[in-house]
Amino acid sequence: MMDWTDTHCRVFHRLLAPHARLYTEMVHANAVVLGDRDRLLAMDPVEHPVALQLGGSEPALLAQAARIGAERGFDEINLNVGCPSDRVQAGRFGACLMREPALVADSIAAMIAACTVPVTVKCRLGVDDDHDYGRFLAFIDTVAQAGCRAFVVHARNAWLKGLSPKENREVPPLRYDWAYALKRERPALAVIVNGGIVTEAEAMAHLAHADGAMLGRAAYHDPYLLHRLDVAWFGGELRTRADLLRSMRPYVETQLAQGKALKHITRHILGLFHGQPGGRAFRQILSEGAHRDGADWTLVERAIAATSPPSRIAA
Ligand SMILES: Cc1cc2nc3c(=O)[nH]c(=O)nc-3n(C[C@H](O)[C@H](O)[C@H](O)COP(=O)(O)O)c2cc1C
């Protein structure tokens, strides 16, 4: 998620959810080809399996970016056909490409030819007042014919005029039934449902109708949800929040030794004790202390301690 996720975030999420497939935020193909790759494509080996999400609509440029992403070790290249922001529309990529299936298909074909990892798409159901399942299916079929075998479906329309990106994640109604119908009618395609999933039960319920569920905001704000889901889905022991966080210590200390600031890592961790006793104190200690010079792991321990006050001995 742009401006939210980065490699530190994915390292943390990997710890919580060892079996999840992680996705980067969208990076424009042009930036991958011409920009600071070490920063834009930073990735830690523990992130695998991890997909690089690209934005763009020029097949040759997307192909170059896909090749670079695969060479850097990403396990999948995903094309964003769902972002509704004005900036993205002006650049003729993101959700407005839902209306240009042939261009998306050309892009996918070029990306597939340029790299050896799977190339997938994240899309919406349509844009503006398209409410035609047949049109959605025709989009998918055109792109599938170019070789795309997996679609992450953010199961609502994108309204390109009149709504902010934030409203575009909330206002257009969710229609999971379209994603389910797609899976029923095109069983050979992998269909992953996205949009509005906030509990383990909701995520698990999608599995009866689709191949997977993608969580965005809920996973970021309440990251322990990822851990509960991973255990519910794949088995294993539920670990405590404190235990999980302490296993980040070697990573954090390595990053600090390399001159990275603690705040860049802890900003992703603030929600770990969401809804728990001391959760607010945990967040406050980290957000106030992590930007100070010299902030180190002791701050994290202080924040953890705030979530389990020492037990009082009754007289
Ligand atoms: C701050 C923010 C940034 C986002 N950036 C991206 C992005 O880069 N690529 C993408 O495919 N979706 C992006 N999204 C959309 C989410 O991936 C997801 O599709 C959407 O929020 C609906 O799922 P959710 O209800 O689980 O959050 C972003 C969402 C937010 C809140």
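Start with helix α1, residues 7-16: select His8, Cys9, Arg10, Val11, Phe12, His13 and Leu16, and you have its buried residues. That makes α1 mostly covered, with 7 of its 10 residues buried. Buried here means that 20 or more other C-beta atoms lie within 10 Å of the residue's own; 12 or fewer makes it exposed, anything in between partly exposed, and C-beta atoms are placed from the backbone. Helices (H or I, at least four residues) and strands (E, at least two) are DSSP runs, numbered from the N terminus.

Before you go on, keep in mind that this is a predicted model: local features need pLDDT of at least 70, side-chain atom pairs count only at pLDDT 80 or more, and totals for chains, interfaces and linings use all residues. Residue numbers start from 1 along each chain as its sequence is written.

**The sheet.** Now show the strands. An open sheet of 7 strands runs in the order β1-β2-β3-β4-β5-β6-β7, with parallel pairing. β1 (22-28) and β7 (212-214) are at the edges with a single partner strand each, so one side of each has no neighbour in the sheet. Neighbouring strands are turned by 25° against each other on average, direction ignored (axes are lines fitted to C-alpha atoms, for helices over the stretch in contact, and angles run from 0 to 180 degrees between N-to-C directions). Two strands pair if DSSP finds at least two bridges between them.

**Zoom in on β4.** Which residues of β4 lie on each side? Val119, Val121 and Cys123 are on one face, Thr120 and Lys122 on the other, and all are buried. In other words, 5 of the 5 residues of β4 are buried. Strand β3 (residues 76-81) joins β4 through 5 bridges, running parallel, and Leu79 stands opposite Val121. Turn to β5 (residues 150-154), which pairs with β4 (residues 119-123) in the parallel sense over 3 bridges; there, Phe151 is the bridge partner of Val121.

**The core.** Next, select Leu54, Ala66, Ile77 and Val153: they have the most contacts inside the largest nonpolar core, which has 89 residues. Such a core is a set of buried Ala, Val, Leu, Ile, Met, Phe, Trp, Tyr and Cys residues joined through C-beta atoms within 7 Å. Helix α4 (residues 59-71) gives the most to this core, 6 residues. Domain 1 (7-219) and domain 2 (241-305) each put in at least three residues, the bounds coming from an automatic or database domain assignment.

**Around the ligand.** Of the 21 residues around the ligand, pick Met1, Met2, Met26, Gly216 and Arg217, which come nearest; a residue is near if its C-beta atom, placed from the backbone, lies within 6 Å. β1 and α10 (217-221) each supply at least two residues of this shell.

Where is Pro49? Look in the loop between α3 (37-40) and β2 (50-55). The peptide bond from His48 to Pro49 is cis, with omega near -5°. Then jump to Asp3, in the segment before α1: although not a glycine, Asp3 has a positive phi of about 70°. Asp3 counts as exposed because it has 6 C-beta neighbours inside 10 Å. Last stop is Asp128, in the loop between β4 and α7 (133-145), with a positive phi near 45°. Asp128 has 18 C-beta neighbours inside 10 Å, so it counts as partly exposed.
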